[in-house]
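Please open the model in a viewer and keep the selection panel at hand.

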Amino acid sequence: MAHTESDAAAAATAAMENILRQLQSPNNEMRNEAEAAFNAAKQRPGTCLDALCTLAITSNDMVMRAAAAVLLRRTAIELWEGATEDTKIVIKQKLLQGVRSEPNANNRKKLCDTVSVLASGVATQGGWPELFPFLFEMSKSPSSHDRESALYIFSQLPGYISTLLEPHLGTLHQLFHVGLNDPDQMVRVAALKATCSILNTFESSKCKSFEDLVPFMLRPVSESLNASDEDTARTSIEMLIDVMDTEPRFWRNHLEIVVAAMLSVASSTSLEESTRQLGLEFLTSAAEKLPTACRKLPNFASSVIPVAMGMMLEIEDESEWYAKDDDDDDAMDYTNFDAGQESLDRLAISLGGKTVLPIAFTLIPQFLNNADSWTHRHAGLLALSQIGEGCERQIEDQLGHVIALALQRFGDPHPRVRWAAINCVGQMCTDFGPRIQREFHGQILPALIAVMDDAGNPRVQSHAAAAVINFCDEATPEIIGPYMELLLAKLLTLLQSNRKITQEQAVTAVAAVADAAASLFSPFYDTFMPLLRKVLTLATGRTELRRLRGKVMECISLIGLSVGREKFVQDAEQVMDILVRTQGRGMDADDPQSFYLMQAYARICRCLKDLFIPYLPYVMPGLLEAAAQKPDIEVLDALDDEDEEEDDGMETIRIGDKRIGIRTSALDDKATAVGMIACFVAELGAGFFPYVEQTAQVMVPLLKFFYHDECRSSAASCCPDLIKCVAARGESSMADVKQLFNFIMPTMLDAISGEPDVEVLVVLVEALGESINAVGPAVIAEETAQLHRAVFIIAELLQDRAERKAERAQQALADEWDEEEQADAELEGAKDDEMLDLIGDAIEIMLRNAGPAFLSAFESAEHRRNIPPLVQTFAHMLAPERPSNERRVALCVFCDVIEHGGPGGVAYTERVLPAMQMYCTDEDPSVRQAAAYGIGACAKFGGEAFARAGGEGVLGPLGAVVSAPQARSEEYEMSTDNAISALIKMLEFQTASVLDINGVMQAVLSYLPMKCDLPEAKSAHGGFLRLVERGEPFLYGPDFVNLMNIFRIFAELLGTELMDDADIARSILVLKSMYTRVPEDKARLAISRLTSTHQARLQAALSHP
């Protein structure tokens, strides 16, 4: 019987060997047959597993062993459950024995990978108890191969079974310590890989005990370099960089020795470029991940910055640079020069200007003044460009000096230095706009115009045009206007160059000038438009001119947008005909025209408005197709392919033993199409209606398209515009509006709940509010379930925001953040603050449209996720210790509840009026404004609850606001306006609570009219009119003392935008009525004391028929 089983196993193994050989055949038919045979073999899982395992371990053919090991790894988990327990035991034993017996290093590694993958499927269920003891025993073997294999398997396991490894961390620490000091270099590298794998997997508290290994973790680097084995050194440094990226705190206590080691690598000119670059990358990553620690480390910046700038000197004056017809260097090899530039930029951003600028400004003048070395002057100028963003605040103080340094080199004898000087100015125009445009246009533009005459160096000429583009990004028509004639004449000359790079940059520069100049470009329209149309026509079908043609599309559309519809309409039909025919001919995936074409459509739509609607049938099908395209995703075997180079345009991440790749270039095209469609919907309104259904079918799923942030953002902003598009068709469309809302809202709420990026959340929350506003009360009244879910999700967002805020505070303490890092964290917190503002806006919209129906959700908790009621969250935000923006938003929310929440909302008056009274005199003007507005809302809607809450007590704080010396200052006028408005509401609705009514009336009349907060001014002036209409005695004061101010207010309000349209129409009637009610002599006396201008306005109003 045993003999029969043995024969069967041998036959199965032989059959499997034949399958594997056929799988490697170049013949497709044979490979297909082999795949079918293997699928059939898998129907007997145990036999298949055993055959593969036997071949992987015992075959005499090394290639066969490798193929079997790989296929076993890929299928072991799938086949495992179908095998018998005896077979499983045998497979595990064979694999572990095979790891020890395999003589070939690559095959041994494949078997180790198989053990790791199999462990991920069986060890968690207690199915491989002997694995860890075996590995621990093998790590002590006299054989270096055994020790290396054990450590290699441990390096793989954390990604699969970290929970099982956690109890053994102490033992692993000892094992790694021994391995890092092993006499064999490959064992030391495997120990480093295993150590880094643990550090990359476990949380910081678990990693702390491994910190004493840091000195030994550097050994594989130093000893590989000593042995001239730079490949192994690079592999080791890459592991250390990964740990710096995922677990930066691990390095803090040993940062000095690690930095010293990496400085030695980065600065050693005897090493290969890629090795030095990795040394610099570690140092740069350290600055990014541990900025405070690096700033505190003596000589960190003063050592690393010279290394980065030194690498920027490693550049040759090659003839290819002068002949290149493209400023894009992406296709070139990554050199030390590139690494130095990139590092300097990142160091400046991470360490900040206070640390970087003093060192840079010591080195840069030395470089610029080196008359014998163009590379030094070139590097010095580019260093200025690179540090601008990170040192912005510090350079601001000496911006004129820095500009002068760059402009001096516009006349440098070496063309590449002139190019660098222009590049520096262009970058500063971006980093320091709009100040640089306002204050230094007189130096920059004439210099750029002059250097465009450098006909012997087209790269210099074209870069001058590129710098004009940077300048125009933040320029106003007033700034660019005086230079347009000369500047456009030079650009017109460059357009006629025979160098493509010069033509392309000149076209884009003309577009930028037109965009900045707006209507001032009109006199030049007839000069440029015929030429641009000609280029667009002549370049058709020429592959080498596709980019130029795309830039011409961009230029024409920007010019059209600048000069306006009336001027552009004469050429629009011909231009659109060319664009539509271009699209109709079809474009390759890499055709740059595609991007420019979509952007041009959007601009022309914005220019032509409803005149663009006839072109939608030609434009929309292609855009919808591009927006709907599926992401190009590849799932690869990471263990097989980890050494393969990444395809251009393909970004990958590793998840377990898989490598997920996604083609980003296709995603960018998709995002552009989505953005263009969103533009059409926003601009065309009801004219877009025929495409609403198709567009919604594409856009709504994209709310959860996590491969691209911009796609999600554009789709979100498009959704409320789609609803508005349908609603614009009138009452008859309400059923369609409701249907569209119900299609959008569930996915939008899911998207908000699952969105990981705060910037996208901001767009989504804004879209939520606008969508609810677009459908209006009639629809929202029937959609209470959607409303409740929206409220719960908002509560969840606020809880997540609080947790992020707490995490930042905790991290600040743990990492001992300094001033620079605190400032960076504040920028991150600003995104959360913007979201909080939009949540407040969304709640106001919900209340305004849903009214009392909102309150039940507002007051309910989400028990399943332990989320408190929204009312509780905002009540806590009213506490004095909370930040001013939280108190302001909470005040606004409760104002809206009282204003729109019906009787249930009014009930909050007694709970929140004391807080409004307290914050009415807050130091923060925005809090003061919200509190004053809230008091007015309580007075208007609170009824008897206002008096019960001690309403008369608010008069003191409101009076303090109104009478403050800075009441009319720019900073405080908004809050003062709201305080005056609140007093008017008290006079109108809560007269009994106004104890000193004459004094309050005089204060109000002395201040009116309000001019700063326009919406509140209209409301307050309406209240003033109603008081006048009612003829309240307190309005006029004793002996009509207030009459002059009342007439003055009318004189200053008449004919202005400070009243609602309805109030403007009746204000003259109210004025006439009042004039007839008061004693004539009092009225004449009061009017006589006004200015002649005021008197004339009143007389005109009173005599108005």
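Helices are DSSP runs of at least four residues, numbered from the N terminus. The model shown here is predicted.

Begin by selecting P1009, which is found in the loop between helix 54 (997-1007) and helix 55 (1014-1030). A cis peptide bond joins L1008 and P1009, with omega about 5 degrees. Most peptide bonds are trans.

Next, select G433 and P434, which are also joined by a cis peptide bond, with omega about 0 degrees. P434 is found in the loop between helix 26 and helix 27.

Continue into helix 27, residues 435-451. Its 17 residues should span 24 Å at 1.5 Å a residue, and the end C-alpha atoms are 23 Å apart, which agrees. At H441, helix 27 bends by about 85 degrees. Buried residues of helix 27 include I436, F440, I444 and L448. Display the surroundings: the buried residues of helix 27 pack against helices including helix 25 (399-408), helix 26 (415-431) and helix 28 (458-472).

Now select K609, in the loop between helix 35 (593-608) and helix 36 (616-628). Phi of K609 is positive, near 55 degrees. K609 counts as partly exposed because its relative accessibility is 35%.

Move to D1039, in the loop between helix 56 (1033-1036) and helix 57 (1043-1053). Its phi is likewise near 55 degrees, and D1039 is exposed, with a relative accessible area of 58%.

Finally, which residues line the largest cavity? Select F741, M745, L768, I772, I780, E783, Q786, L787 and A790. By class, this lining has 7 nonpolar, 1 polar and 1 charged residues. The volume of the largest cavity is about 40 Å³.

Conventions
Residues numbered from 1 in each chain as written. Predicted model: local features only at pLDDT ≥ 70, side-chain atom pairs only at ≥ 80, totals over all residues. Heavy atoms only, no water. 1 Å grid on protein atoms, 1.4 Å probe; cavity = no way out; pocket = protein on both sides within 12 Å on 5 of 7 lines; lining within 4 Å. Points joined across faces, edges and corners; volume = space filled by probe spheres on them. Nonpolar A, V, L, I, M, F, W, Y, C, P; charged D, E, K, R; others polar. Helix = DSSP H or I, 4+ residues; strand = E, 2+ residues; numbered from the N terminus. Expected span 1.5 Å × (residues − 1). Bend = angle between axes of the 7 residues up to and from the residue. Buried < 20%, exposed > 50% of the residue type's maximum accessible area, 1.4 Å probe, protein only. Contact = heavy atoms within 4.5 Å.
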